[in-house]
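Thank you all for making the time this morning.

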Amino acid sequence: MSFNLLKIWRNEKSREIIVQIIVLIIFGWFISWLVGNVSGNFEKLGKDLSFEFLFIPAGYDINQYLISYNNRDSHLRAAVVGLLNTGLVAFFGIIIATIFGLFLGVLRLSKNWLANRIAYWYVEFTRNVPILLHILLWHGIIINTLPHPKQAIDILDVSYLTNRGFYIPKPIAEAGIELFYLFTIIAIIFAILFNKFSKKRQENTGKQMPVFWINLMVIILFPCIALLLNNFPISFSIPELKGFNFRGGLHLSPELIALTFALAIYTAAFIAEIVRAGILAIHKGQREAAESIGLKPDKVMNLVILPQARRVIIPPLTSQYLNLTKNSSLAIAIGYMDLVATLGGISLNQTGREMETMVLVLLIYLCISLSISSLMNWYNYRVKLVDR
Amino acid sequence: MKCHDNSYGGLKMKIKALLAASVAGVMFAGSVLAGTLDDVRARGKLNCIINTGLAGFAAPDDKGNWQGFDVDFCKAVAAAVLGDANKVSYTTATGKTRFTKLAAGEGEILSRNTTWTFSRDVDLAQTFIGVNYYDGQGFMVPKKLGVKSAKELDGASVCIQTGTTTELNLAEFFAGNKMKYNPVPIETNAEAQELYKAGRCDVYTTDASGLYATKMSFDNPDAHIVLPEIVSKEPLGPVVRHGDDQWADIVSWVLRAMMAAEEKGITSKNVKKLAAQDNKDKEINRLLGKDPLQGLSKLGLSADWAVNVISQVGNYAESFERNLYPLTIVRGMNALYRDGGLHYIPPIK
């Protein structure tokens, strides 16, 4: 028997498995000890682990909500409001950061000395200053340089810039709007089909069509026709100064603007470097070959370089998206009501359930990160080089 | 790409610290439940959790020493328990972290403008040992706004310090008066002040005592007024953990001793003299250790505990005047009952 054990141990393959099993057992024991310890000591303190607090009224107000909310709603709803606010900042932050970062990355490789240097200094300055300072800086600029609502900067009598935020007209749908939605969907479907059709046609016949311009026209014109047909079923709520602040219209708070821009601008610097690295990773022979068959510089970039660079760019780009989303939790520094400020902040304090709220916040961030990750992995899989 | 990990940010650190604190707290909870007095004596220092900075209550002076009304109370307990008011080490906490820090055993007392509420007392497993300051939530506005009453604040932007009972009072006050407002929640008093000064908000709201303290720290205090409405009851007091009755008794009787001293006219100046002589008022004798005070040994305190407190820190009035008069705060509700206030002390018998 002992001989057999020794033999198993001496076999490299089975030894590997044994070691892994042992490590797994130790890890499992450690986790169960942690959980047992926490629950045991919670009991000693007279505290129980319970998520019932999620269903009692939150009692506090939130200044920005994408779904209806008032202070009689539950902590759970407050958490969802916070989550959506996090999502809003992450969504727009990622879009702006990507566009801006791509632009900067290409600029950074420009042969124009000035453009090149500007991009270089921008990247070096931005990514070497902590994100928290970026956020505070932008917020400080908005609230300290823009005027009080009573002296608001007036744009065409419909939009106003103040240190309480930007107020712009808000479109309000009226009866008959359904046709507009329907036509918009039809236009988008048409654009997708037309894109496929023209691609096929080009492959078969070599003829090109101005796909972009035709699609743009369809997407703009179609909904407009729907509006005209139904006597323009959209009205606008125009912001008006009443009492202390503007009422009506769409309010973009200084916190929302500062946070979105700070995150986007900061992350763009990293994305610029990733884009630059991706482009530089493509062998210069590719560029030369493309140029030698007579492609124009923008076609060289769009048709030859970028599609190949994408494979190098996407994995690190994913982690930048994750960083941006997680960094949005710094919102609390300027009072933007994100998930950490609602569930992990005021709800935590009002209910005293620090373990429960923190566990929930951690899990939610984990879920957001994993979904961004898997989305990007799917895209990465789609654009990766096909092995032949 | 160069490897730049951009995980800066105090918040992440804070969450880590919070988690670490809760884990550490639950790990060592067994050892901090009972025998707090022995722990403090063995260590030779009292750990006290105070505000991160609120003039008059807890703020560092020009030499970097913590001063204030809440700090005085920490000193008083140290004087009673250790005989020396300076044997205190201070830990600061925001409104959000204070209860976690207390539960985690980072301090024996939480002396940080903490409002006594049912949930905090019962659900968070803490003991409020009394009220050392009767407060209420108020509003401060710039004078040039021309507002005379909080009922005129419909539609205003309101800066709030989060992690307090303030948010709930505010929501109830505005809803009750059918008014709208735009809340701007801020983590600390200092940041909230900056936003208020920059004009991000029309109104700053917190406990009235905090408003006076904040106002006095402005360059031009006269340009702001505290509105007359007080929209909530905020009985502030020191807090200890559930589970050690001896310690809770010590802390609560230190507070009462300071108030009793004011009632009996014992001050830091005359306490030594009164302690040495036989007084006509036997309650003074019992408080100062001249006559035996039955049960004192059960608290584990020496006979001169109150003498130490009063000689080193002063009575309640002395502490109040030293710290809060400079902020133009008056005694009001915080006077003794015989002067029309709310402080009524059980007899020292």
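How many bridges join strand 8 (residues 137–142) of chain B to strand 11 of chain B, and do the two run parallel or antiparallel? Four bridges join them, and the two strands run antiparallel. Before I go on, please keep in mind that this is a predicted model, in which local features need pLDDT of at least 70 and side-chain atom pairs count only at pLDDT 80 or more, while totals for chains, interfaces and linings use all residues. Residues are numbered from 1 along each chain as its sequence is written, and chains are lettered from A and ligands numbered from 1 in the order in which they are written.

When I say helix or strand, I mean DSSP runs numbered from the N terminus, H or I over at least four residues for helices and E over at least two for strands, and two strands pair if DSSP finds at least two bridges between them.

The sheet itself is open and is formed by five strands of chain B in the order 10-9-11-8-12, with mixed pairing. Strand 10 and strand 12 (224–226) of chain B stand at its edges with a single partner strand each, so one side of each is left without a neighbour in the sheet. From one strand to the next the twist averages 25 degrees, where axes are lines fitted to C-alpha atoms, for helices over the stretch in contact, and angles run from 0 to 180 degrees between N-to-C directions.

Strand 8 of chain B also pairs with strand 12 of chain B, in the antiparallel sense and over three bridges.

Why do I call strand 11 (residues 203–207) of chain B largely enclosed by the rest of the structure? It is because five of its five residues are buried, a residue being buried if 20 or more other C-beta atoms lie within 10 Å of its own, exposed if 12 or fewer, and partly exposed in between, with C-beta atoms placed from the backbone.

Turning to the largest nonpolar core, which has 159 residues, B:Val77, B:Cys159, B:Val254 and B:Val309 are the members that touch the most other members. A nonpolar core here is a set of buried Ala, Val, Leu, Ile, Met, Phe, Trp, Tyr and Cys residues joined through C-beta atoms within 7 Å. Leaving aside neighbours within four places in sequence, B:Cys159 is in contact with residues including B:Val184, B:Ala192, B:Val203 and B:Tyr204, and contact means that the C-beta atoms of two residues, placed from the backbone, lie within 7 Å.

Let me now look at exceptions in the backbone. Most residues other than glycine have a negative phi, and most peptide bonds are trans. B:Lys178, which is not a glycine, has a positive phi of about 55 degrees, and it lies in the loop between helix 6 and strand 10 of chain B. B:Lys178 counts as exposed because it has 7 C-beta neighbours inside 10 Å. B:Thr328, also not a glycine, has a positive phi of about 65 degrees and lies in the segment after helix 14 (316–324) of chain B.

Widening the view, chain B has 14 helices and 14 strands, and 48% of its 349 residues count as buried. Its domain assignment, whose bounds come from an automatic or database source, gives domain 1 (10–136 + 234–349) and domain 2 (137–232). Taken over C-alpha atoms, the centres of these two domains of chain B are separated by 29 Å, and 19 residues of domain 1 of chain B are in contact with 21 residues of domain 2 of chain B.

Which numbers of residues does the contact between the chains take? It takes 46 residues from chain B and 52 residues from chain A. On the chain B side, helix 1 of chain B supplies the largest share, eleven residues.
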